Every structure is written in structure tokens, then in C-alpha cells.
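Q: I would like to learn how to read a structure feature by feature. Can we take one and work through it?

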Amino acid sequence: MNKKVLALGALTLASATVLAGCSAGGDASSSGAAGDGSLSIYAWAGEIPDSVISGFEEETGITVTVDTFDSNETMISKLAAGNSGYDVVEPSQYAVQLMVERDLVAPIDQSKLEGFDNLAEKFVDPSFDPGNEHSIPWAWGTTGILYNEACTGAPVTGWKDMWNPAYSGKVYMLDNMLSAYIAGLQVNGLSATTTDEADIETATDSLLEQKALLGGYNSTNYADLVGTGDACIAEAYSGTTSATAVENNPDVKYIIPEEGGTLWTDSFSIVKGTANEDAAYQWLNYTLRPEVAALVTDDASLASTNEAALPLVADQSQVENPAIYAPAESLQNSEFIVDPGDALAFFQDGWTRVRAS
Amino acid sequence: MDRLTSWIARAVFVFLYLPIAALIVYSFNSSEVSYRFDGFTFRWYAELFADRMLLEALRTSAVVGLIAALLATVIGFLTAFALVRFRVKGRAFFVGAILIPLIVPEIVLGVSLLTVFSTAGIPTGLLTLVLGHVVITLPLATLVLMGAMSSLDPSLSEAATDLGASPWVTFRRVLFPLLRPSILAAFLLSFTTSFSNIVISTFTAGVGTTTLPLRIYSTLRTGLTPELNALGTLLVVATLGVILAVGVSQMRRILAGPTTTP
């Protein structure tokens, strides 16, 4: 009898604890719901400086919560599950397409925007989002080559150098399918945004051939590897990491390959069905101001999409650093990497073969 | 042969602790790049304490870890107690069911949890994060406590009952003191597991509940900064502090003998 009572007591206590935990957690997580002067942003880490957030909070009185994700795919899957609670997200260009397709982001009412014309020309009406209907670009960069001249012995000019047997074992590629294919396609004179099966096949063959020369696929510390000379040449993203490497070692250089360039940009989009639409528009307008946009370069070493912000950047050497702002002439043929759509299957098939070889 | 084993043991020890030593040394490196040591600085600690998002993530991880570990320990204790002490119907089934979260890949658990939460209309946040962490820490806590309880001599509590102690007094004066080290172990193990979890957290975190591992993992694209070395150093120091405190209190208990004053 006593044992039964104890077991029952144990069960009651267990369920009571769970319920208590629930209600405590429930209170905390429900703060920040429907239009109560708060804004929840889901963004790339390191792309929205603290200075921008606190400036916005001070001016508007809106409390901002910023959470960060590790990939577009994580962000999309959380939004697609519903109930994410985010008001503004920061997808990359191809992710904007995927999110529009899946109806996850709301159309932007251009009449509510102020300062849209501050944006640089290449971010107005971009290929991945005609008319900026669903996205306002915030930060941008390029996919290029980071190399150590002490190691290569001569200036590097393009993707073809990443196939140079002289650097065997000291060549690194980004550990990312679409990024690797930029090199594979452009080295063959093909468009980086092709969806043609034969083109992709050609690129796959080049990447297979290159694999013998590779030191590895690396998306995290390639800049350190190039800095030490453990890597002579690496496919790299411009921005914070590459800029630090270039600043710290005069032999390290960042270039846009002569075969053509590619751009990436991370934009702000408003989540469909948000309860804080007004706050979201205030955020867009705040970040479109030149003096605010300049902070992304000052405090995060990233290129701003805001043309009017460039003269306001405190350290003008950052604007002249090609590892942050690619020179205009090298971007003439550059395109945004967009969602390959059905051709994704060709890429995945080829990439599997490359990685498995 | 003995010499060889001892050298291997030493080499393994160095291999285990070298990265931690490097982390601590580089947290004082004034250079921004990790391959060059330029001189001594506290700059990264200053930046760490100014980094609002990182501190917020640290706080989230600590809060979630504490709540989840507490829940896991309490529920785990009760579960272990029931399974070890009573002839519960379907005991084997329960024991097996408790072990399943340890075997199922975390990504599967994470996706299923997210599906359940979104179907039930529960917004992801602190609540779902804690629930997710309880799912993975509960089996650990239960296992630790079941082991401790089965090795406990049942005649001790029988003797207490014989001497007129009520079940509650038996629990408070006999069982709990004897199980205290295991309860602490279960709690600390649950806390560390929760604190370092990435996969489950990815799916169950919501607005304002980015945990520390998620935050660090998400900085990979724009590059890790020496600030993270400073954070790592502080965590190592904090862990050592906990270990020392636990160790000292255990030593005291052992030295003082088995007195169980309430």
C-alpha cells in the first residue's frame, strides 16, 4: 500500500514538475508576440553589428532580438515548419528565390520604404528578385581567390591557377557545392549560373581532375591556412575573414578571377504573416540610411549595398580593400549565384562523384 | 612494456590537453590571426564582455542547461526509483524506451520534435528548447541513477523501516545521503550534455533562445575570432572551479566519515 502511494506521489511530482517547467518556459517565450513594440530578426552571425541594433532600439523604442543561423537551409527549414516567431530574416540571394517559391516571405510595399534609392545600382532590381519585391540587400561580397604570393611566387590571375600542378597539395576549395562549381564552370569559360546538363558535366570533370591537387575542402579556416602558407591558393569569400588575412600578411592577396566574378548578397526580407509589420518596415528604413549602412563596413568588415554609405565609412582603406569591396572593373561580368532549380539534381550528382572520388 | 604503456598514456594526456592549453595561450594573443603570436593582451576579454549577442547566448545556454538538468535529474531519479524498487508492469519495456533517445540519431529526434511542436502550434522558444534537452539528458540521468540505486543494499532501507522510519524519513535520512554523489553526477552530466548540444538545439531553439554552441557554430562563415578563445578559457576555468568545488566537498565528506546529519 505504502509503495503504491509513493509511486503515485512520484508520478504526481514528476508531472507537476513538468507542468511547472512548461508554464515558466511558456511565459518567457511568449513575450515578444503580436505587435508589442518588439522585433525578432533571424540573421547571419556577424552581419548586423551591435551598433546598428542598439541605435535602432534607442531611436524607436522597439526591442530587437537577433538570432543567428549557420546556413540558409537551417533558416528556411525553421521558417517552413511554421510558428518560428521571426519578423525579419536575412537570406542570401538564392535563398530569397527558394523562400518566395515556398511562400515564406511577404511582398515588400515599396511605398513604405525611405532611402531605397541609396542602394548601389547592382542591388536594385537584381536577377534573383526582380523589382526587389521580397528583399532589400544589406551586405554583399564576392567569391574569389585568396593566395599567398610568397608561396605561389607570382601573382595569381584566375581560376586556372587553381589547376596549376605546381601548387599540388596546397590548393583549397570551399566546402560548398555551388561555390565549388563557380570555379569549375568559369574555368571552362561557362556561365556560373548555367542550368545546362552538359555544362555541369564539363565542370564536374574539371573538379574531378582538380581533386588530385587539392589539400582539401575548407570553408572555415582557409584564411589562416593561406596566411601561414600551408595553402598557396584557396577559393574564398570576401569579407571579414579574408580581409583580416590580407591585413595581417602583405603576401596574402584577394582577387576576383579574370574568368568572371560572382556576387553574393544577404538581404532583409519580411516574414509572411508577421505581427510586427510596422516594426519590420521601420527596420528596413533604418538600415537603408547611409550612416547606418556604413556601420556594416566599420564594425563588421563587410561591403555595404548602400552606395551613399561609402563616403561615410570611417576607415576608407576598407572601401579600397578588394577583400571587402571588389573593384568595380572586376565586377563587370559578375553575376549573382541563383537557385539552379531543377538543374540542382545535376549539380548534386556531380558533386557526389567529386567528393567520393 | 610498462614503460611503453606509461609513455603512451602520457602522450594521450598531452594530446587531450594541448588544445586546451593552446586555447588559453591564444586568448591572450594580441594578433588577430591564430598562426602568429604578437604579444600579450586582454583585448579579447574586453571584446567578449562587450559582445551582447554572445553573452546573451551564454545566458540562454546556462538557463536552459540548469532547467533541463534539474528536470532530468528529478524525473530520472523518480524513474530510476520506480524501475529499481518496484515491480512495475512492463519494466523491460520502460527501460528499453528510456534508452531509445540515446540510440536514435539526434537529427532524427530534432526533426521529429520540430514536427511535433509545429503541429501542436507551440512556438519554438525556451519551452521547446528545454523539452528537447530533457529528451536527450533524461536517459543519461536515469541510467546513472539506476546504476547507483541497484548497487545500493536494499537491507539499509529495510533496517530503517524496521527501526520505525516512515518511507519519507527513510528517503531523507538514508537513501538521499547515500545517493547524493550519483544525483550530483547525474545533474552535472545532464548539464554538460545540454550545454554542448547543437543538433537538437538547432531545431528546438526559437526567438531569443540561440544557445552558445549555435551562436559559435553560426559564426563559422564570417570567421572565428580570438574572442571565442577568451570565452573558451573562461568556460575551462569555470569547469575547473566546479570540479574542484565538488572534489573538495566529496573529500570533506569522506574525511569526516559517514555522518548523515540532516
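Q: How many disulfides does a search of the whole structure find over all chains?

A: First, note that this is a predicted model. A disulfide is called when two cysteine sulfur atoms lie within 2.5 Å. Over all chains, the search returns 1 disulfide. The pair is A:Cys151 and A:Cys232, with 1.8 Å between the sulfur atoms.

Q: Which parts of chain A does the pair tie together?

A: A:Cys151 belongs to helix H5 (residues 149-152), while A:Cys232 sits in the loop between helix H8 (222-228) and strand E8 (233-237), so the link joins parts that are 81 residues apart in sequence.

Q: Does A:Cys232 count as buried or exposed?

A: The cut-off for buried is under 20% relative accessible area. A:Cys232 has 3% relative accessibility and therefore counts as buried. A:Cys151, at 27%, counts as partly exposed.

Q: Where do the side chains of a strand point, and what does E8(A) show?

A: In a regular strand the side chains alternate between the two faces of the sheet. In E8(A), A:Ile233, A:Glu235 and A:Tyr237 point one way, and A:Ala234 and A:Ala236 point the other way. Both sets are buried, and the strand is mostly covered, with 5 of its 5 residues buried.

Q: Which strand runs antiparallel to E8(A), and how many bridges join the two?

A: Strand E5 (residues 136-148) of chain A is antiparallel to E8(A), and 5 bridges join them. One residue pair to inspect is A:Ile145, whose bridge partner in E8(A) is A:Glu235. E8(A) is also joined to E6(A) by 2 bridges, and those two strands run parallel. There, A:Ala234 in E8(A) stands opposite A:Tyr172.

Q: How many residues does helix H7 of chain A have, and what span does it reach?

A: The check is to compare the distance between the end C-alpha atoms with the span expected at 1.5 Å a residue. H7 (residues 197-211) has 15 residues and reaches 21 Å, close to the expected 21 Å.

Q: Which residues of H7(A) are buried?

A: The list is A:Asp199, A:Ile200, A:Ala203, A:Thr204, A:Ser206, A:Leu207 and A:Gln210. Their arc around the axis is only 165 degrees, so they are on the same side of H7(A).

Q: What do the buried residues of H7(A) pack against?

A: Their partners in chain A are strand E6 (171-173), helix H6 (177-186), strand E7 (214-217) and helix H13 (344-356).

Q: What reaches the backbone nitrogen of A:Ala198 at the start of H7(A)?

A: A side-chain oxygen of A:Asp196 comes to within 3.1 Å of that nitrogen.

Q: What do the spans and the buried percentages give for the chains?

A: Along the principal axes, the C-alpha trace of chain A spans about 80 × 60 × 40 Å, and 54% of its 357 residues count as buried. For chain B the trace spans about 70 × 55 × 40 Å, with 39% of its 262 residues counted as buried.

Technical notes:
Residues are numbered from 1 along each chain as its sequence is written. Chains are lettered from A and ligands numbered from 1 in the order in which they are written. Side-chain values use heavy atoms; hydrogens and water are left out. Helices (H or I, at least four residues) and strands (E, at least two) are DSSP runs, numbered from the N terminus. Buried means under 20% relative accessible area, exposed over 50%, partly exposed in between (1.4 Å probe, protein chains only). The expected span of a helix is 1.5 Å times one less than its number of residues. The arc is that of the directions from the helix axis to the C-beta atoms. Contact means heavy atoms within 4.5 Å. A polar contact is a pair of N or O atoms within 3.5 Å; within protein, one must be able to donate a hydrogen and the other to accept it, and residues adjacent in sequence count only if both atoms are side-chain atoms. Two strands pair if DSSP finds at least two bridges between them.
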